[in-house]
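Hello,

Here is the structure I promised to pass on to you. Have a look at it first, and then read on for what turned up.

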Amino acid sequence: MIQIGLVGNPNSGKSSLFNALTGLDQKVGNFPGVTVDKKTGRCSLGDGLEARIIDLPGTYSLYPRRGDEWVTYKVLMGQDKEVMPDMLVLLADASNLKRNLLFVSQIIDLKIPVVVALTMMDMARSKGINIDIDGLERELGVPVVAVNPRKNKGIPSLLKIMAATAKQQYKAPLRDFIPNQELNLKAVAEVKELVSGLSDYKAIHYLINHEHFSLSNDLQQKVENAEINNQFNPTKTQAEEILQRYSRIKSIMQQTVAEPDPLQKSLFTEKLDNILLHRVWGYVILLAVLFLLFQSVFLIATYPMDAIEWAFGSFGQWVGNILPEAWWSDLIINGLIAGLSGILVFVPQIMILFGLITILEDTGYMARISFLTDKLMRKVGLNGKSVMPMISAFACAVPAIMSARNIENTKERLLTILVTPLMSCSARLPVFTILIALVVPQKMVWGVIGLQGLVMMGLYLLGIVMAMLVSYIAKWFIRIQEKSFFILELPMYRAPRWKNIFTTMIQKAKIFVFDAGKVIMIISLLLWALSSYGPGDRMEKVSEEYAVLKQQQPDRITELNREEGAARLANSYAGILGKSIEPVITPLGYDWKIGIALITSFAAREVFVGTMATLYSVGEGDDGSGLLLRQKMQQARHADGSRVYTLATGLSLMVFYVLAMQCMSTLAVVKRETRSWKWPIIQLVYMTVLAYLMSWIVYNLAS
């Protein structure tokens with residue numbers, strides 16, 4: 001099986017082509033020793049020829065700056081022993097061909113067999129750009145194919161040429177794109193003698209970056225001597241190389257590309273940017289987009305969520321009626337069914353949230369959000385690139401923190417990592433949903449705005465505001481002096497790919513059900529055991545006491561069953577644990593059941609709902625009421641008869657979940673990204689203290 005590397009500039013359509021070539025036969029891991037995603041997939045080239053496609057991180061040239069660019073660079077330099085591509089497919093954006101040809105020309109001079117796939121041809125045509133593909137192929141000396149992976153056009157032709165290149169019918173051109181050897185004749189010749197099989201251009205990169213390569217100490221010293229003895233200047237050499245490349249690229253463009261008069265009227269994208277990036281209206285539109293996002297999550301998901309709740313309530317009641325009274329039937333009803341209900345009921349909201357976020361990314365608006373917010377970000381110690389991880393954290397903080405590697409500035413990257421978990425991820429969504437439904441009335445404000453959706457948006461905005469505040473304070477304590485740059489390419493506006501959106505929605509739902517769901521189910525079953533059994537003879541005493549009461553008061557059987565369930569729960573291991581921490585959380589308005597949920601949801605925030613489902617199912621007794629979880633929580637009472645879930649308690653608990661670090665996976669990934677336990681410990685402490693103080697303030701103000 002041959003290995004084919006997929007390379008190209010960011011936003012050149014690489015991910016779309018990878019999906020088109022590999023379909024569902026994909027695997028995602030990490031490159032060795034780093035946290036950069038390594039996507040691989042299998043592809044059939046025809047005639048029994050199988051290929052392993054490796055999607056390499058996007059890069060603009062062979063002069064890396066970011067961590068992900070270094071990954072691609074080392075693969076292309078032959079420094080990654082696990083990824084050694086036999087050939088490359090290089091994507092070039094036809095609508096920005098001059099910039100993309102710089103990277104194309106560098107790859108050509110590495111002498112690796114390459115096929116150039118021209119993407120964005122429709123965008124180029126909309127700009128009035130016409131490309132002579134045959135002429136471009138002659139000038140470059142490598143195969144060039146026009147493709148549109150979004151619409152699956154040109155893929156058969158590309159596969160055919162990839163197969164021909166794999167069979168060595170197309171080879172790397174013998175002539176260099178520019179005379180690389182002349183950049184330093186003696187130094188290049190000396191390095192080529194030291195390392196066999198190098199092209200002139202790869203020898204130059206050995207001279208520039210050999211310190212970053214896995215070479216023996218002896219070879220490192222010899223390359224260093226070649227650099228010194230021949231007065232090799234890396235900066236000067238790079239500048240000369242780039243000038244020569246652009247000079248030849250200009251000549252090729254003149255011969256093969258017809259471009260319109262630059263003074264022609266503005267295109268649709270530019271006109272739209274004048275509105276969406278306006279210094280006033282841009283922010284108004286951004287807030288409106290976020291508002292509609294959260295309103296939609298609530299309004300659209302209401303019906304499927306109600307249907308799932310009703311189905312599980314009815315199913316649990318039916319199972320309870322047909323099964324005999326035994327510990328294993330209690331496990332099935334109050335452990336398995338209650339836990340499963342707590343997982344599946346939130347799938348509609350998670351699918352809708354991810355679907356809407358994917359639409360924002362697909363249309364090109366997400367990049368505009370980074371541009372809009374750069375000025376604000378800089379005031380608090382971040383930059384516009386911090387927005388992408390922070391917005392991604394609305395889905396999950398773990399990949400969001402990993403994506404912060406795109407931020408070149410060390411201090412800004414560290415600040416981004418520290419505040420990203422304050423963004424309300426999808427794991428918090430089930431918690432917010434059930435608490436809002438409990439304490440916030442379902443009514444309209446001004447007749448058009450849902451109050452529940454408004455509260456939901458307020459919780460997300462609270463996380464954003466606190467992240468800004470924490471970053472502003474933390475920037476004075478992190479003493480790293482480093483220049484910061486913000487360079488961002490704004491992609492063209494495009495119609496969303498509905499197939500891609502639905503695929504993403506289904507994938508994220510699967511991840512939630514099978515990954516988070518496993519944790520929720522395990523904890524639900526563990527909680528059932530802790531809630532059903534207690535130390536010594538405490539549970540037996542409760543059973544004996546209520547057996548006597550039932551004989552004395554036969555007209556109160558249903559009520560006594562409910563009281564017995566509550567008493568058994570209070571005397572169980574879970575009840576004892578909850579009551580032991582109750583004095584600490586009482587000032588926040590919480591009872592011991594909420595205390596148990598706070599502890600269990602440290603494994604994963606969404607476990608809160610599964611915990612509540614198990615506790616209230618176990619504590620309900622055997623009355624077979626079949627009430628929904630929200631109704632059970634609505635009826636919950638303190639010992640003095642007052643409601644547990646008042647407006648003050650609900651708001652306090654929501655604020656706690658907005659601000660608290662209750663995710664072991666996030667702490668683990670922060671440790672991996674920062675290579676130290678110092679920062680995750682700081683993160684855990686500051687977020688817990690902040691959550692407690694803010695929840696206490698909210699509870700006392702709302703009481």
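Which residues line the second largest cavity? They are Pro113, Val114, Val142, Pro143, Thr165, Tyr170, Lys171 and Ala172. A cavity here is a set of points, on a 1 Å grid over the protein atoms alone, where a 1.4 Å probe fits but cannot get out, and lining residues have an atom within 4 Å of a point.

Before going further, some ground rules. This is a predicted model, in which local features need pLDDT of at least 70 and side-chain atom pairs count only at pLDDT 80 or more, while totals for chains, interfaces and linings use all residues. Residues are numbered from 1 along each chain as its sequence is written, and side-chain values use heavy atoms, with hydrogens and water left out.

Cavities

Searching the whole structure gives two cavities of 30 Å³ or more; a volume is the space filled by probe spheres set on the points, with grid points joined across faces, edges and corners.

The largest cavity has a volume of about 50 Å³. Its lining consists of eight nonpolar residues, with no polar and no charged ones: Leu290, Leu293, Ile357, Leu360, Met366, Ile369, Ile391 and Phe394. Helices α12 (281-322), α14 (347-363) and α15 (365-379) each supply at least two of the lining residues. Helices (H or I, at least four residues) and strands (E, at least two) are DSSP runs, numbered from the N terminus.

Salt bridges

There are six salt bridges, each being a side-chain nitrogen of Lys or Arg within 4 Å of a carboxyl oxygen of Asp or Glu. In one of them, Asp55 pairs with Lys14, with the closest N and O atoms 2.8 Å apart. Asp55 lies in strand β4 and Lys14 in helix α1 (residues 14-22), so this pair ties together parts that are 41 residues apart in sequence. Asp55 is buried, at 6% relative accessible area, and Lys14 is buried at 9% (buried is under 20%, exposed over 50%, partly exposed in between, with a 1.4 Å probe and protein chains only).

Asp176 and Lys111 also meet in a salt bridge, at 2.9 Å from N to O. This pair links distant parts of the chain, 65 residues apart. Asp176 is buried at 16%, whereas Lys111 is partly exposed at 27%. Finally, Asp109, Glu241 and Arg245 are linked in a salt-bridge network.

A buried threonine

Thr59 sits in the loop between β4 (49-55) and α2 (67-76) and is buried, at 2% relative accessibility. Beyond its neighbours within four places in sequence, Thr59 contacts (heavy atoms within 4.5 Å) Gly8, Asn9, Pro10, Glu69, Thr72 and Phe103.

Confidence

The mean pLDDT (the predictor's confidence in each residue, from 0 to 100) of the chain is 80, and 84% of its residues reach 70 or more. Where pLDDT is low, the predicted coordinates should not be read in detail.

Best wishes

Conventions. On a 1 Å grid over the protein atoms alone, a cavity is a set of points where a 1.4 Å probe fits but cannot get out, and a pocket is an open set with protein on both sides within 12 Å along at least five of seven lines; lining residues have an atom within 4 Å of a point. Ala, Val, Leu, Ile, Met, Phe, Trp, Tyr, Cys and Pro count as nonpolar, Asp, Glu, Lys and Arg as charged, and the others, Gly among them, as polar.
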